Amino acid sequence: MKKLFKILGIICLLFIALLIAVPFVLESKIDAIVQNYADKNLNADLSFDAISLSLIRSFPKAEISVDNLKITNRAPFEGETLATAKSLAFEMPLGDLLKSEGEPLTINEIIAVELILTLKTNKNGSVNYDIAKENENANKVISDTSSTGFSFNIENYELRNSAFTYIDEGNNTHFYATEIHHNGKGIFSGGRSELDTKTDARISMSIDSTDYLSNTIIKLDALIDLDLEQQKYTFKDNKGFINALPLEFQGFVQLVEAGQEIDISFKNPESSFKDFLAVIPEAYAKNIENVNTTGNFTVNGIIKGLVSEETIPTLDINIRSDNASFKYPNLPKSVTNIIIDASVKNSTGNVDDTFIDINKLNFKIDKDVFQSEAHI
């Protein structure tokens with residue numbers, strides 16, 4: 001028995017030594033695979049400080065970490081940074097490390113820390129994210145293991161303290177998402193699967209120098225059914241918040257040859273009038289946290305149809321508020337008896353047939369009664 005335990009101890013020590021030593025041999029191989037993949041498939045420059053491999057932390061899988069990753073654009077966005085990440089960690093089956101060069105590597109988990117992605121459209125309509133080289137594999141599904149590169153069978157992915165920017169110089173649109181914390185669990189490969197996601201972020205958006213969202217808190221818990229064969233993504237049991245305004249939504253988005261087919265319905269289950277004030281653009285409503293309010297506010301809608309170069313989805317969005325009020329602490333009077341009856345409708349999918357009907361926007365300040373109506 002002593003000899004047996006001694007032999008087992010020696011085997012365990014050799015196994016641990018092997019787990020520690022093997023990464024030093026394979027790291028250069030992985031470095032070459034990544035660089036080779038980038039050179040063959042990306043019309044951009046990829047750089048990173050180091051690649052490390054661990055067989056102990058995630059055993060029996062292997063964990064690969066890439067430090068200070070950077071993707072830099074070429075013309076017409078020469079020298080601009082498309083993406084950076086403080087670290088990217090990938091988890092894959094241990095056996096994939098022994099594959100010969102040219103065989104795809106399977107990725108099971110991705111964790112990105114401080115990923116910063118900047119998408120841009122210039123005044124000529126060129127985009128900085130069209131960096132994929134045209135080649136014979138361009139139209140193959142990413143999980144096709146017959147092509148050189150990586151296949152994805154992701155069970156878990158995370159974004160930690162990341163940021164996203166979109167800039168359209170043509171129509172002067174700026175969109176920023178910061179402090180993004182996002183995680184999802186599920187399987188991406190196979191015909192059908194389910195993805196459970198949670199997202200927290202702060203959103204800002206301006207169009208033509210007008211701020212419509214300013215550091216708005218967004219929270220979203222979404223259960224998404226993935227039908228990869230039909231390219232259909234169904235939202236089930238989803239709840240979100242825009243600032244303090246709660247929303248529930250369901251439906252699907254499907255990629256079709258002409259564009260995207262959308263069928264989404266949403267509503268706020270219950271909400272106070274202050275929640276409505278919280279989503280008004282900052283330029284028109286300041287210091288909301290100090291405002292006293294009463295009354296309710298509801299919104300519900302259906303967005304359904306094809307998004308294409310010629311059409312938008314049909315719209316049926318309704319906004320209601322009855323007998324609400326608000327008062328700023330530094331103003332002597334309250335705004336009371338607020339009644340809102342408004343809708344956004346489009347029944348054809350033609351953008352010119354979009355109607356905004358403000359049937360009632362009534363309120364009272366002291367003894368002065370205001371009544372308004374608009375149809376756009």
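Guide: Two residues are in contact when heavy atoms of theirs lie within 4.5 Å. The model is predicted, so local features need pLDDT of at least 70 and side-chain atom pairs count only at pLDDT 80 or more, while totals for chains, interfaces and linings use all residues. Residues are numbered from 1 along each chain as its sequence is written, and side-chain values use heavy atoms, with hydrogens and water left out.

Visitor: Which residues is Leu361 in contact with, leaving aside neighbours within four places in sequence?

Guide: Those residues are Ile339, Ile340, Phe370, Gln371 and Ser372. Leu361 lies in strand 17, residues 355-365.

Visitor: What makes Leu361 partly exposed?

Guide: Buried means under 20% relative accessible area and exposed means over 50%, with partly exposed in between (1.4 Å probe, protein chains only). Leu361 has 32% relative accessible area, so it is partly exposed.

Visitor: How much of the protein chain counts as buried?

Guide: Of its 376 residues, 34% count as buried. The chain exposes about 22100 Å², of which carbon and sulfur atoms supply 56%. Areas of this kind come from the Shrake-Rupley method with a 1.4 Å probe. Among contacts between residues at least 6 apart in sequence, 50% join residues at least 24 apart.

Visitor: How many helices and strands does the protein chain have?

Guide: It has two helices and 19 strands. Both are DSSP runs numbered from the N terminus: helices are H or I with at least four residues, strands are E with at least two.

Visitor: Why are strand 9 and strand 10 said to pair?

Guide: Two strands pair if DSSP finds at least two bridges between them. Strand 9 and strand 10 have nine, in the antiparallel sense, and therefore pair. Ile218 stands opposite Ile242 of strand 10. Strand 10 is also joined to strand 11 by nine bridges, again running antiparallel, and Thr234 has Phe252 of strand 11 as its bridge partner.

Visitor: Which other strands are joined to strand 14?

Guide: Strand 12 (residues 259-267) is joined to strand 14 by eight bridges and runs antiparallel to it; Glu261 has Leu306 of strand 14 as its partner. Strand 15 (residues 314-327) is antiparallel to strand 14 as well, with seven bridges. Val299 stands opposite Ile319 of strand 15. Strand 14 and strand 15 form a hairpin with six residues between them.

Visitor: How do you know that the peptide bond between Ala75 and Pro76 is cis?

Guide: Omega of that bond is about 5°, and the bond is given as cis. Pro76 is in the loop between strand 3 (61-73) and strand 4 (81-93).

Visitor: What is meant by the second largest pocket, and how much space lies in it?

Guide: A pocket is an open set of points on a 1 Å grid over the protein atoms alone, where a 1.4 Å probe fits and protein lies on both sides within 12 Å along at least five of seven lines. About 1500 Å³ of space lies in the second largest pocket; a volume is the space filled by probe spheres set on the points, which are joined across faces, edges and corners. Lining residues have an atom within 4 Å of a point. There are 32 of them here, and the closest to the centre are Leu213, Ile218, Ile242, Leu247 and Ile303.

Visitor: Which elements give two or more residues to the lining of the second largest pocket?

Guide: They are strand 8 (192-207), strand 9 (210-227), strand 10 (232-242), strand 11 (245-256) and strand 14 (298-307). Strand 9 gives the most, eight residues.

Visitor: What is the lining of the second largest pocket like by class?

Guide: It has 27 nonpolar, four polar and one charged residues. Ala, Val, Leu, Ile, Met, Phe, Trp, Tyr, Cys and Pro count as nonpolar, Asp, Glu, Lys and Arg as charged, and the others, including Gly, as polar.
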